[in-house]
Amino acid sequence: MAILKVRNLTKRYESFTLDGVSFDLDEGYIMGFIGRNGAGKTTTLKSMLGLVHPDSGEVEICGLDFKSKELQCKREIGFVLGGFDFYLKRRLSAISAVERRFYPEWDEAGYREYLRRFELDENKKVEELSEGMKVKFSLALALSRRARLLILDEPTSGLDPVSRDELLQIFRKVIEDGGHSVLFSTHITSDLEKCADFITYIKDGKIVKSCEREDFIDSYIAVSGRAEQLDEGLKQNLIGYKQNAFGFTGLALAEKRELLSSLQTARPDIETIMIYSEEPSDSEVRI
């Protein structure tokens, strides 16, 4: 059963358009939401949650239409969008006391365990926390709501490698019962390799691909060859390429493998796919 359905979500700004975004997330899975800065990740998440008003599109959470059942839907969601940069003068204990009133399914024992695990002192004020500790506190609140769907924007940003690994283990624990799911955006592709079941890739406001992680990776091939092999015909079959002193490296769709049989090929990782699918202004990458 789909715990989240997004259909044709569109939001127009003067210089950017979120263009017909659609994807599904089933119960019991983790989805990584990827794309470069400005691609539309945060706009998508905020439009889904009604934090900005989309121009069109539909969002369904736990079988409920978000637009007409917003309150019920939000009770099923634990969300963290960016850092915890409000109520800076409040103590953590005061903030959690407010949270308890709004969430009937609040898990007090779980909350206390997250405080212990994340080494959070409830007597501290938000302004006294490091950026990493702010992220941990936001997550402790979200996880304690017993939400069926966690929606997280860059949740591992600012965390050290040990804390990031611990958080990914928590994600896997959350979905073990098959009734919960996690959607999180990230630039740290190694985190996706460790825990994501599905990948949704957005570029310039449009979804490029949304599928199982292994299918996502297997739909591309990394290629390399000598400089003289990089003719115009070959360039047309590459998603992107970079020239160097030894020749070139690039990325192509796996369906073009036979056309590229004269080149060295390899299975790419998610980071490689992102790098060659984008077009940095200071690079010889061709899209």
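Student: What should I know before reading?

Tutor: This is a predicted model, where local features need pLDDT of at least 70, side-chain atom pairs count only at pLDDT 80 or more, and totals for chains, interfaces and linings use all residues. Residues are numbered from 1 along each chain as its sequence is written, and side-chain values use heavy atoms, with hydrogens and water left out.

Student: Which strands pair with E13?

Tutor: Strands (E, at least two residues) and helices (H or I, at least four) are DSSP runs, numbered from the N terminus. Two strands pair if DSSP finds at least two bridges between them. Strand E11 (residues 220-225) pairs with E13 over 6 bridges, in the antiparallel sense. Here Val223 has Gly250 of E13 as its bridge partner. Strand E12 (residues 240-244) also runs antiparallel to E13, joined by 5 bridges. Gly240 is bridged to Leu251 in E13. A hairpin with 2 residues links E12 to E13.

Student: Why is E13 described as largely enclosed?

Tutor: Buried means under 20% relative accessible area, exposed over 50%, and partly exposed in between (1.4 Å probe, protein chains only). In E13 (residues 247-253), 5 of the 7 residues are buried, so the strand is largely enclosed by the rest of the structure.

Student: Where is there a positive phi in a hairpin?

Tutor: Look at the hairpin of E9 and E10. Asp204 takes a positive phi near 50° there, and 2 residues lie between the strands. E9 (residues 198-203) and E10 (residues 206-212) pair antiparallel over 6 bridges. Tyr201 has Lys209 of E10 as its bridge partner.

Student: At what angle do H3 and H4 pack?

Tutor: Axes are lines fitted to C-alpha atoms, for helices over the stretch in contact, and angles run from 0 to 180 degrees between N-to-C directions. Helix H3 (residues 92-102) packs on helix H4 (residues 108-117) at about 155°, with the axes 12 Å apart. H3 is therefore roughly antiparallel to H4 (the term covers angles over 145 degrees).

Student: Which residues meet there?

Tutor: Contact means heavy atoms within 4.5 Å. Leu92, Ser96 and Arg100 of H3 meet Glu108, Tyr111 and Arg112 of H4.

Student: Is Asp191 buried or exposed?

Tutor: Asp191 lies in helix H7 (residues 189-195). Asp191 is buried, at a relative accessible area of 0%. Beyond its neighbours within four places in sequence, Asp191 contacts Thr156, Arg164, Leu168, Thr186 and Ala196.

Notes. Angles under 35 degrees count as roughly parallel, over 145 as roughly antiparallel, 65 to 115 as roughly perpendicular and the rest as oblique.
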